[in-house]
Structure formats: structure tokens, C-alpha cells
Amino acid sequence: MKKFMAALLCILLVVSLAACGGGGNSGGNSGGNSGGNGGGSGSSDGPKVGGTYIVPDDAEPSTLNPDAIADDYNYPIVQNLFPRLYKLNNAFQAIPDLATSYDVSDDALTYTFHLRENAVWSDGEKVTSADVLYTFNEIIANHYAFESVFAEVDKIEAPDDYTVVFTMKGPDGSFVSNLSWYGTFVLPKHVLEGTDWLTNDEFSNNPVTCGPFKFDVWNKGTDVQIVRDDNYWGEHTAYLDRVIYTVISDGSTMYQAWLNDEIDEIGAFYIPTTDLDGIIADTDHYYTVEQVWPSPWYVAFNVKDGPFADPLVREAVAYGVDRADVSEKATGGYKPVNNHFIPDNYVDAVNDDAKQPDYDVAKAQELLEQAGYTKGADGYYFETTFTVMQGFDDFCKVIADHMEKMGIKVKLDVLDYDIWSERCLDNGEFEITALGGFQGPDVLGTTRRWTTDGSVNVPQYSRPEVDELAKKAVSAATDAERNECIKQIQVYLREDIPILLIVNYADYQPFKNYIKGNNYVSVSEGGSMEIVGFSELTETWLDKE
């Protein structure tokens, strides 16, 4: 689970993150263009073939096997190298990929996917249902990263080379959307069969692929390079000749490289807030896309040990943190306040009767005293350590200032991501921490954050009523029933407060005017948002000499 959050901790500390600017309509669930040419054609000659596109990130992948582990540093890359049955686009919709369509039985217990018959691996071998069965059965048998996608799958069968049938143990309303997300890329059986994905370095470093691009070279510590696959089976081959995913570990250096045209794009969170308004206004060079993600930045309490094991103390912090002030001071107001215990994006599932508390310092201190604390001579009720990953420093510093004003002395412990992940995510060794991350292609994805066996249940929260309602939501026959379960869950979350969602993740993402066919931009405005995967570059082209 280790890198499942660095960006999509910043979405997506990514997308950009998929790494993790903003304002925006917190009720929105899709992106839009707010200036410039929208990434449209911008050329009477239409798309141009050729060119090299350079994408930076602050670290390199652990592996190019997209299913062995969850790795946000390989996620933007592997979406251009491997297919899924369905894939998630930037409008958070599941769209066809290797499968052209699927059918669901009336009892919702059988999913039948119909595969394309012209897909080939980069070594020339055909892609068939045998590859699909091999991939998913290996994920299940070896408990690879996203085994949970198949939790309700009883068996997988292939009646012919281009049909795959899933028989479910029970209805799973999130099955197709989760199948289109992480860790479900189809892999080549003829290459991998009989090997351990975690130790197969040959494939991890030099994979046989099946996407709009194919692997070329990995210069360790420097970059991963992919090139157009002229045998791609989609509607057309990619326009770009080459994509270079380069490592620039220092954010300031990355920003200067972008300004100097040494790289083609940059995650919005690397752009200083003080510069963003000027860049947005410079429509001669940039167009800006606004997108609000279901990826809030939030506080997580250790509900098992330490001072925050007491729900009164957690509620006190909920009253003592001014989310609007955090938004303004930590994000320049670009990331709007989140008011509920699930992302505000899921408008049909939020419970307005179980919102997060409004800011009230007096109420916060009253709750601390109810919990048995009294102020010491230094003016504090108690002291705690706020365990913080790099990238969330400013965000957590503002929250810590609010906690100090309510009477909790705070020490910030800033860690590298890998250390934070081991200590907080894997071992629960913290009192209070903060994180972000894409919470899912639909509202059911939020359950990973607070069900007992949830894969991102950092607080180690457990309540039987919540687990039962989450199971009911997964098997619900209609969206209305599913949303009602999620609303009831929020009542319990308001009672227990294992987490506090502070701000919604929102981007004001500038792009250079020469970048066309952008997957952040809707098709109606000249982009490719609805027709390609999350970070897929099939439709991207460069309008420059």
C-alpha cells in the first residue's frame, strides 16, 4: 500500500499527482477550462504527429509492473503502457478500454466483458481472455495490492478468447468503477506465468506492454522513457513520438524548469500561490483548467492510543480548527473548505444533518475540560506530536497553530514519505497525522478510509454499525439506497470523528498553449477528458515547431 498515497495523497500529492490550486465549486465532480484555448486544436491543420513530451515528478517508480504494488509514481506512466478492461477518465467515469462493453445479469451477480480482438502485446503476441484470467487470478491468489477489487468475485471464466465472465458472491455496486482504477491492468501471461511479480526484475524494469506507447528505456534515478507503439489497437496511434518522465526532486527547481520550457507540464501544487494569479492571467502563454477532485486533505487521529483515543478530545479539535482559515493561509484560498465527513464532490451522498462542526474555540476548550484536562502553568491542556509527511508541512502548520490557540501544545515531526508511510500507515505509530488521496471513482471508495479492514484506515477506526452499512452500500440495488447507507454512516462518523476533512483538493492547473488534446479538458473544448484514461496521452499533441 506504500505509495498509494503520495499523490493522490497530493493527488494526487497527484495527478498531476496524480500528485496532490483551487477555489472552485466544491460541489462539482468534473473539470473544466477557465481560460486560454482550452487545449483545443488551435491549428487549422489539425493534430500534428511527432515531438517529445516531458513530464516531471519528484521521485521515480519502484516498478513498472502496474499491479504488483500500489505506486503513484508509476501510475501516470503505466496508463500509457497497459490496458484495463475499463479505465477511469478525468471526469471520474469508467469507459471502455480492452473491453468494448459489458453486460450485467438481472440479479447483478454476473458481469460479462467483451474484449477487443485486435489488441497485441509489444512483442507481437495477441491479447486474449487468457491474459485477463491470469492477471486477476494472480492478484487474488498472491494478495497483490488491489486484491480488494475482487472481494465479491466468486470465479472468473473465459468461455472463449474474447469473453470474460465474473460470477459474484453478492452484488457489488462499485465493481466496474474499481476495476477501472488502480492495480487492475491486464498483464501478459506468456511473459509472466510462473514468476513472482515482486521479484521479477526483468519485467519490472523492461516490461512487455500493450498501450498507445511502449517501453523504451529506464535511466535509473533520472527518467523513464516511452515511445509511440505503431501497433496500438485503439482508434488511432498516439501523436507524440516520445514521452519522458523525468525526476526533479526539488519543487523550486521543477518550477524553474517549467518556466524555462525545459519540461512541458507541472503539478499545480509546485507553482507558488503568489505566482499563480499572474500565470492564469497570462493567456498569451498559458490556458488554465479548473478541476475539483474527491481527494480532500484531512486530519487522522489515532483512535486506539494516546490523547485522541478519547472521542471528546477529537471533537474538541474538530471545533478548534478553523477550516476556512486553513484554506486561506495554507492554500491561498485555492482549495475550498470541505464541510462533510466524505468529500463534498459526492453531492448525492453527503449528509447535511451530520456535518463537521463549525469553528468554536470556547466549545473546544469546554470539551477538553469535560475529558478531564486542565490547563497547566504554560497555558496548555496537554502536548502532542503532529506526525507530518513532507508536502503537507504548511497545511499542518496552520492546523497546529489552531490547536495551540485552543490549548494543545503541538510539536511537528516532518518525515519523508516512505518513513511516514511505514510509521503511520503500516504501524499506526502516531497521535495525529494528515494526508490526502483520491477517495475513489465513486462514493464507495470512501469506505477504505474508515471501515475496519479499509486499506487506508489510518486512524485504525472500527465500528460494527459502520462496517455493516458499508457492506449494505456495496450490495445496494440502486444509487438511492447506496447513498442512504453512506448518509447513515456519516452520523456515526460525526459521533466518533476518526478523521476531519479540512479542504477539498482543487486545481487551477495551468498548461502551455502549445499543448493540445489535453486530458484535463473536455472534448467539447478540444481536449480528451471523456475519451482517454486519467493520465493517458494518446490524444495529446504539440502545436509548436
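A: Happy to! Keep in mind that this is a predicted model.

Let's start with K48 and D543, whose side chains meet in a salt bridge at 3.0 Å, N to O. This pair ties together distant parts of the chain, 495 residues apart: K48 lies in the loop between β1 (32–33) and β2 (52–57), while D543 belongs to the segment after β18 (541–542). K48 has a relative accessible area of 26%, so this residue is partly exposed. D543 is partly exposed as well, with a value of 21%; the cut-off for buried is under 20%.

Next come E315 and R494, with a salt bridge of 3.3 Å, N to O, between their side chains. Here too distant parts of the chain are linked, with E315 in helix α8 (residues 311–320) and R494 in helix α14 (residues 479–496), 179 residues apart. Both E315 and R494 are buried.

A local case is found in helix α11 (residues 393–406): K397 and D401 are 4 residues apart there, so about one helical turn separates them. Their side chains form a salt bridge at 3.0 Å, N to O. K397 is partly exposed at 41% relative accessibility, and D401 is partly exposed at 32%.

Note on methods
Residues are numbered from 1 along each chain as its sequence is written. This is a predicted model: local features need pLDDT of at least 70, side-chain atom pairs count only at pLDDT 80 or more; totals for chains, interfaces and linings use all residues. Side-chain values use heavy atoms; hydrogens and water are left out. A salt bridge is a side-chain nitrogen of Lys or Arg within 4 Å of a carboxyl oxygen of Asp or Glu. Helices (H or I, at least four residues) and strands (E, at least two) are DSSP runs, numbered from the N terminus. Buried means under 20% relative accessible area, exposed over 50%, partly exposed in between (1.4 Å probe, protein chains only).
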